[in-house]
Amino acid sequence: MSAHRILLIYGGHAGGRTLQMVEAVTTGILMSGEPIELRPQPALDADADDLLWAQALLIGTPEHFGYMSGAVKDFMDRTFYPAEGKVDGLPYALFVSAGNDGTGAVTSIERIALGYRWKPIAAPLIVKGEVDDAARQRCMELGQSVASGLALGIF
Ligand SMILES: Cc1cc2nc3c(=O)[nH]c(=O)nc-3n(C[C@H](O)[C@H](O)[C@H](O)COP(=O)(O)O)c2cc1C
């Protein structure tokens, strides 16, 4: 059986909260036990080839000035035209680390996702402040459900 391919792109500071969420989401994917090939990439390093490779996409970002991080926006700026028309229906989910809000990051990504014609497969996960055990648990559940849904062909 060939592995299902998940691209995980993320922004945020080195050693920061978004990275902690990335680690927990990754743990959830591994815990699913499904045959998954995970490609975790800082958004600045990912490109259209990564996007075209993916069968599902996870996006992790801090909220910056009521928007997604510049790194994630840069990924979209660079990949939109190369991927346009080739990623219709790509299942995606997002998670956000925010100081006290997070909705601006979510709506900014959701709006652009409509342009790519990606398909949302989970409610956006927003963690405000520190990434505590409860937040880590929610991240793991997100990773697990995306991996299982992909493997079962639900998406
Ligand atoms: C430049 C900058 C802008 C920010 N803007 C917002 C914001 O608009 N709303 C919010 O809730 N938090 C905001 N924050 C707080 C971050 O979203 C929060 O600290 C987040 O956990 C940082 O994630 P990181 O540790 O992965 O970088 C901002 C932080 C920075 C550095």
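In what order do the elements of the protein chain run from the N terminus on? The order is β-α-β-α-β-α-β-α-β-β-α. This model is predicted. The protein chain holds five helices and six strands.

**Overall size**

The C-alpha trace of the protein chain spans about 40 × 35 × 25 Å along its principal axes. The radius of gyration is 14 Å. A compact globule of 155 residues would have a value near 15 Å, so the protein chain agrees with that expectation.

**Around the ligand**

The ligand is surrounded by 18 residues. Gly12, Gly16, Thr18, Pro62 and Gly99 are the closest. Two elements, α1 (17–31) and β4 (91–98), each give two or more residues to this shell. The most come from α1, which gives three residues. Sorted by class, the shell has four nonpolar, 11 polar and three charged residues.

**Where α1 meets α5**

Helix α1 also packs against helix α5, residues 133–152. Two packed helices are described by the angle between their axes and the distance between the axes. Here the angle is about 45 degrees, and the axes lie 7 Å apart. The crossing of the two helices, α1 and α5, is right-handed.

Which residues of α1 meet α5? They are Met21, Ala24, Val25, Thr26, Thr27, Gly28, Ile29 and Met31. On the α5 side, the partners are Arg136, Cys139, Met140, Glu141, Leu142, Gly143, Gln144 and Ala147. By class, the residues of this contact divide into nine nonpolar, five polar and two charged.

The table sets out the classes at both sites.

| Site | Nonpolar | Polar | Charged |
|---|---|---|---|
| Contact of α1 with α5 | nine residues | five residues | two residues |

Methods:
Residues numbered from 1 in each chain as written. Predicted model: local features only at pLDDT ≥ 70, side-chain atom pairs only at ≥ 80, totals over all residues. Near = placed C-beta within 6 Å. Helix = DSSP H or I, 4+ residues; strand = E, 2+ residues; numbered from the N terminus. Nonpolar A, V, L, I, M, F, W, Y, C, P; charged D, E, K, R; others polar. Axes fitted to C-alpha atoms, helices over the stretch in contact; angles between N-to-C directions. Left-handed = near helix turned anticlockwise from the far one by under 90°. Contact = placed C-beta atoms within 7 Å. Rg over C-alpha atoms; globule rule 2.2 N^0.38 Å.
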